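Hi everyone, thanks for coming.

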Amino acid sequence: MKTNVGSQKLSPDCLFCKILAGEIPANRVYEDEFCIGFPDINPQAPTHLLVIPKEHIASQAKALAEHKPLLGHLMSAVADLARMQKLDKGYRVVVNTGDEGGQTVQHLHLHLLGGRPMTWPPG
Ligand code: 5GP
Ligand code: ZN
């Protein structure tokens with residue numbers, strides 16, 4: 001079934017758009033019509049993957065009402081990926097947003113962290 005939850009709109013100066021375009025290499029451990037998943041270059045846990053939409057959205061704060069189905073899709077894709085990675089004991093999904101949120105790459109991404117116990121509160 002075709003659903004209207006994404007597109008191929010990329011931004012030329014964006015690091016993750018360059019990964020989507022194949023200009024910067026990344027090992028796509030997950031891919032579907034709307035997003036890809038690949039290992040973080042600087043892992044903070046035994047499993048540390050990033051899931052990004054195939055459309056350039058600068059951050060969660062910049063997502064529009066029309067992106068609602070895509071945001072739901074990303075959460076569902078992360079859960080599928082966690083199952084594929086056999087993170088049966090649990091995992092953490094993080095969406096750093098904006099300066100105080102610690103966001104360093106301005107393309108919406110979900111961190112999937114697992115393989116060790118997580119602590120709370122985060123830094
Ligand atoms: P943020 O800090 O914006 O939440 O997360 C950005 C993440 O992207 C960081 O964890 C960082 O290690 C990762 N990252 C930055 N550049 C690259 C890259 O070129 N390739 C990959 N795979 N990850 C990257
Ligand atoms: Zn982008």
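I'll start with the metal site and then move on to the other ligand. One thing before that: this is a predicted model.

So, which residues hold the zinc ion (ligand 2)? Four side chains coordinate the zinc ion: Cys14 and Cys17 through their SG atoms, and His56 and His107 through their ND1 atoms, at 2.0 to 2.3 Å. Seen from the metal, the four donor atoms subtend angles of 106 to 116°, so the arrangement is tetrahedral. If you'd like something to compare with, the ideal angle for four tetrahedral donors is 109.5 degrees.

Now follow the donors of the zinc ion along the chain: their spacing is C-x2-C-x38-H-x50-H. Take Cys14 and His56, which are 42 residues apart and link distant parts of the chain. Cys14 sits in the segment before helix 1 (15-21), while His56 is in the loop between strand 3 (47-53) and helix 2 (68-84).

Are those two buried or exposed? Cys14 has a relative accessible area of 6%, so Cys14 is buried, as that is under 20%. His56 is partly exposed, at 26% relative accessibility.

On to ligand 1. There are 15 residues around ligand 1, and Pro39, Asp40, Asn96, Thr104 and His111 come nearest. Oxygen atoms of ligand 1 also make polar contacts: one with a side-chain N or O atom of His111 at 2.8 Å, one with a polar side-chain atom of His109 at 2.9 Å, and one with a polar backbone atom of Val105 at 3.0 Å. Taken alone, ligand 1 exposes 510 Å², and the protein buries 82% of that.

Conventions:
Residues numbered from 1 in each chain as written. Chains lettered and ligands numbered in written order. Predicted model: local features only at pLDDT ≥ 70, side-chain atom pairs only at ≥ 80, totals over all residues. Heavy atoms only, no water. Donors = N, O, S within 2.8 Å, 3.2 Å for Na, K, Ca; no water. Tetrahedral: all angles 85-135°; square planar, octahedral: opposite > 155°, others 65-115°. Helix = DSSP H or I, 4+ residues; strand = E, 2+ residues; numbered from the N terminus. Buried < 20%, exposed > 50% of the residue type's maximum accessible area, 1.4 Å probe, protein only. Near = heavy atom within 4 Å. Polar contact = N/O pair within 3.5 Å; in protein donor to acceptor, adjacent residues only side chain to side chain. Areas by Shrake-Rupley, 256 points an atom, 1.4 Å probe, with all protein chains shown as cover.
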